[in-house]
Amino acid sequence: MNPNHHKPILLIFFTLLLQLPNPINASPSPPITALYAFGDSTVDSGNNNYIPTLFQSNHPPYGRSFPAKLSTGRFSDGKLATDFIASSLGLKPTLPAYLNPSVKPVDLLTGVSFASAGGGLDDRTAMMSLTLTMDKQWSYFEEAVRKMKSVVGDLEANRVIKNALFVISAGTNDMIYNVYDHVLGRFISVSDYQDYLLSKVEAFIQRLHDAGARRITVAGLPPIGCLPVQVTLGTITIPRIFHHRICTENQNADSQLYNQKLQKLNFRLSQRLPGSKVLYLDIYTPLIDMIKHPHRYGLEETLVGCCGTGLLEAGPLCKPLSRTCEDVSKYMFFDSVHPSQKAYSVIATYAFKKLFPLL
C-alpha cells in the first residue's frame with residue numbers, strides 16, 4: 001500500500017482540528033481599560049472629604065504610610081486594595097476619589113472610586129451616617145460617563161466601560177448597624193436581611209450591565225467578628241477571660257453564609273447577563289489566614305488596631321494626637337475597623353492570584 005495514501009486525509013483532519021475553539025489557547029480578553037469602585041470605606045479614596053459627614057479620615061494619623069504621608073481620606077495608614085490593583089494593572093499609581101477637584105475628565109478614562117465610607121448596600125445605612133448612598137454613587141458614575149463622552153466621544157467611552165473592571169465592596173456596615181448594633185431595628189432574621197442586601201447587589205449589577213459593564217467583581221464580607229471593635233464589644237457583652245481577645249464566631253459564621261449566597265448569585269448573574277463576567281472577590285480567606293497565621297505575613301497584632309488603644313477608635317476618634325503603634329507593618333488593622341496598608345496589599349495579591357486569570 002502506498003504510505004502516502006492517508007496523507008490528504010490526515011492533513012484535512014489536523015486542519016479542522018486547528019480551527020476548533022481551544023479554551024487553553026483562546027484569544028486573551030482585551031486589556032482592562034479602567035477600574036471603577038463603588039461601596040464603603042474599603043474602597044473610598046477620599047470622597048467623604050467633600051461631603052458634610054463625620055465619617056472622614058483626611059487627618060493624621062491616617063495616611064502615615066501613604067506617599068508623602070498624605071491624609072487623603074483613605075481609612076488606612078496607606079493604600080487600599082483598589083490602589084494596589086490599579087497600579088498592578090498599569091492604570092495609575094493610586095485610584096483617586098471622583099469628588100476630588102483635582103480629578104479631570106481625562107482621568108476618568110482609567111478609573112476612579114465613587115465609594116463612600118460609612119455607606120452600605122442598604123440606603124438607610126448611608127443616610128444614618130450622612131454619606132453617599134449607592135444610588136448617589138450611581139448618579140455620579142452617570143455624570144462621569146457623560147464627562148468621558150465629552151472628551152473622547154461615545155464610541156471610545158463605551159469601549160472603556162465595556163473593558164473596565166468594576167468593583168463593588170459593601171455590606172459590613174449594613175450588618176453591624178442593622179443586625180449587631182440594632183441601630184436601625186431588626187429584620188426577621190439575619191438570613192432575611194442578607195437576602196435583602198443581596199437583592200440590592202443584584203439590582204446594582206443589573207444597572208452596571210445595562211450601562212455596558214461586562215467585568216464585575218463583588219467583594220464578600222470580611223470576618224466581621226474579628227474586627228477589633230467587634231471583638232471589644234463582644235468582650236463587653238459576653239464575659240471572657242480577662243485580656244483574652246477572641247473573634248465573635250457567630251458573626252464570622254454570618255459572613256460565611258452571606259459569602260456563600262453571594263457566590264451563588266454571581267454565578268446566576270453570569271449565566272443570565274450575556275457577555276458578562278460577575279465574579280466573587282474573596283476577602284474573608286486572606287483576612288482569616290492572617291489572623292490564624294500572622295507570622296507568615298510578618299504580623300504581630302491581628303485583633304487590635306494601630307491607632308489609639310486599638311479597641312474602639314476609628315474615623316473622628318482616631319485623632320491627630322492619638323497614640324499610634326511604632327511599626328504599623330506589624331498590624332493587620334490600622335484602626336478598630338479598617339485594615340492596614342499591609343493587609344490591603346495581601347488582599348490585592350490574593351485577588352490577583354485567584355481572580356484575574358478569570359477576567
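Reply: For sorting residues, Ala, Val, Leu, Ile, Met, Phe, Trp, Tyr, Cys and Pro count as nonpolar, Asp, Glu, Lys and Arg as charged, and the others, Gly among them, as polar. The model is predicted, and totals for linings use all residues. Residues are numbered from 1 along each chain as its sequence is written.

There are 3 cavities of 30 Å³ or more (on a 1 Å grid over the protein atoms alone, sets of points where a 1.4 Å probe fits but cannot get out; lining residues have an atom within 4 Å of a point). The largest cavity has a volume of about 280 Å³, that is, the space filled by probe spheres set on the points, which are joined across faces, edges and corners.

Its lining holds 24 residues, with T42, S169, I283, P339 and Y344 nearest the centre. Two or more lining residues come from each of α2 (81–88), β3 (165–169), α5 and α10 (DSSP runs numbered from the N terminus: helices are H or I, at least four residues, and strands E, at least two). By class, the lining of the largest cavity has 16 nonpolar, 7 polar and 1 charged residues.

The largest pocket is an open space (protein on both sides within 12 Å along at least five of seven lines) of about 450 Å³. Its lining has 23 residues, and F55, Y177, V229, A314 and V337 lie nearest the centre. Here α5 (172–180) and α7 (228–237) give two or more residues. The pocket lining divides into 14 nonpolar, 7 polar and 2 charged residues.

Conventions. This is a predicted model: local features need pLDDT of at least 70, side-chain atom pairs count only at pLDDT 80 or more; totals for chains, interfaces and linings use all residues. Side-chain values use heavy atoms; hydrogens and water are left out.
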